[in-house]
Amino acid sequence: MNTANGPHDDLRRWLIERVAVYVGRPPAEINPSVKLRSYGLDSIHALSLCVDVEEAVGLLVEPTLAWDHPTIDDITAHLAGLLARDRTGQGPSDMDDKGLL
C-alpha cells in the first residue's frame, strides 16, 4: 500500500477503513491512490461516506465528494484543505472553485 507519512495519515487511514467496510475488503487491500469505483464503491456507499465524513470530521461535504475526488488520497487532500480553511476562519466566500464546503 502506498501511504505517505504526513500530517493527514489519521484521516487517510480512517477513510481507508471506511471504504474497506463498504466494499467488503480488508483495509490492507485498499490502495489510497486507486479510484474508488475500481473497488466497486457505488453511489449508495459514496453518500454514506459523505455522512460518515460529516459526522466524524465535522465538515459539510457535497454528496458528489467521491466522484469529484475519486481516490482516498484526493479526498484526504480535499478534506485537509477544508479543515485548514475552517481553522483559519475563512468563510464560504473563500470556498474552492467547485464551491464545496
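Thr76 is found in helix 4 of this predicted model, where helices (H or I, at least four residues) and strands (E, at least two) are DSSP runs numbered from the N terminus. At 1% relative accessibility, Thr76 counts as buried, a word that here means under 20% relative accessible area, while exposed means over 50% and partly exposed means in between (1.4 Å probe, protein chains only). Leaving out residues up to four places away in sequence, Thr76 touches His8, Leu11, Arg12 and Leu15, contact meaning heavy atoms within 4.5 Å.

Residues are numbered from 1 along each chain as its sequence is written, and side-chain values use heavy atoms, with hydrogens and water left out. Since the model is predicted, local features need pLDDT of at least 70 and side-chain atom pairs count only at pLDDT 80 or more, whereas totals for chains, interfaces and linings use all residues.

**The chain as a whole**

- The protein chain has 4 helices and 0 strands, and from the N terminus on its elements run α-α-α-α.
- Buried residues make up 34% of the 101 residues in the protein chain.
- The accessible surface of the chain comes to about 5700 Å², of which 50% belongs to carbon and sulfur atoms; such areas come from the Shrake-Rupley method with a 1.4 Å probe, and for residues only the protein chains shown count as cover.
- Among contacts between residues at least 6 apart in sequence, 55% join residues at least 24 apart.

**Confidence**

- The mean pLDDT of the protein chain is 86, and 80% of its residues reach 70 or more, pLDDT being the predictor's confidence in each residue, from 0 to 100.
- Among the elements of the chain, helix 1 has the highest mean pLDDT (97) and helix 4 the lowest (90).
- Over residues 91-101 the pLDDT is below 50, and beyond near neighbours in sequence this stretch has 17 contacts in the model.

**Helix 1**

- Helix 1 has 15 residues and reaches 21 Å from its first C-alpha to its last, which is close to the 21 Å expected at 1.5 Å a residue; the expected span is 1.5 Å times one less than the number of residues.
- The buried residues of helix 1 are Asp9, Leu11, Arg12, Leu15, Ile16, Val19, Ala20, Tyr22 and Val23.
- Just after helix 1, Gly24 takes a positive phi of about 70 degrees.

**Salt bridges**

- A search of the whole structure finds 4 salt bridges, each being a side-chain nitrogen of Lys or Arg within 4 Å of a carboxyl oxygen of Asp or Glu.
- In one of them, Arg12 pairs with Asp9, the closest N and O atoms being 3.0 Å apart; because these residues are 3 residues apart in helix 1 (residues 9-23), about one helical turn separates them.
- Arg12 counts as buried at 13% relative accessibility, and Asp9 counts as buried at 14%.
- Arg13 forms a salt bridge with Asp10, with 2.7 Å between the closest N and O atoms, and these two are likewise 3 residues apart in helix 1, or about one helical turn.
- Arg13 is partly exposed, with a relative accessible area of 43%, while Asp10 counts as exposed at 59% relative accessibility.
- The side chains of Asp52 and Arg18 meet in a salt bridge (3.0 Å, N to O), and this pair links distant parts of the chain, with Asp52 in helix 2 (residues 43-57) and Arg18 in helix 1, 34 residues apart.
- Asp52 counts as buried at 15% relative accessibility, whereas Arg18 is partly exposed, with a relative accessible area of 23%.
- Salt bridges that share partners join Asp9, Arg12 and Asp73 into one network.

- In soluble globular proteins, nonpolar side chains tend to be buried together.
- Of the 24 residues in the largest nonpolar core here, Leu15, Ile30 and Leu79 touch the most other members; such a core is a set of buried Ala, Val, Leu, Ile, Met, Phe, Trp, Tyr and Cys residues joined through side-chain atoms within 4.5 Å.
- Helix 1, helix 2, helix 3 (65-68) and helix 4 (72-88) each supply at least two residues of this core, and the largest share, 7 residues, comes from helix 1.
- Leu36 lies in the loop between helix 1 and helix 2 and is buried, with a relative accessible area of 1%.
- Leaving aside neighbours within four places in sequence, Leu36 is in contact with Val19, Leu41, Ala66, Pro70, Thr71, Ile72 and Ile75.
- The C-alpha atoms of Leu36 and Val19 are separated by 8.1 Å, although the two residues are 17 residues apart along the chain.
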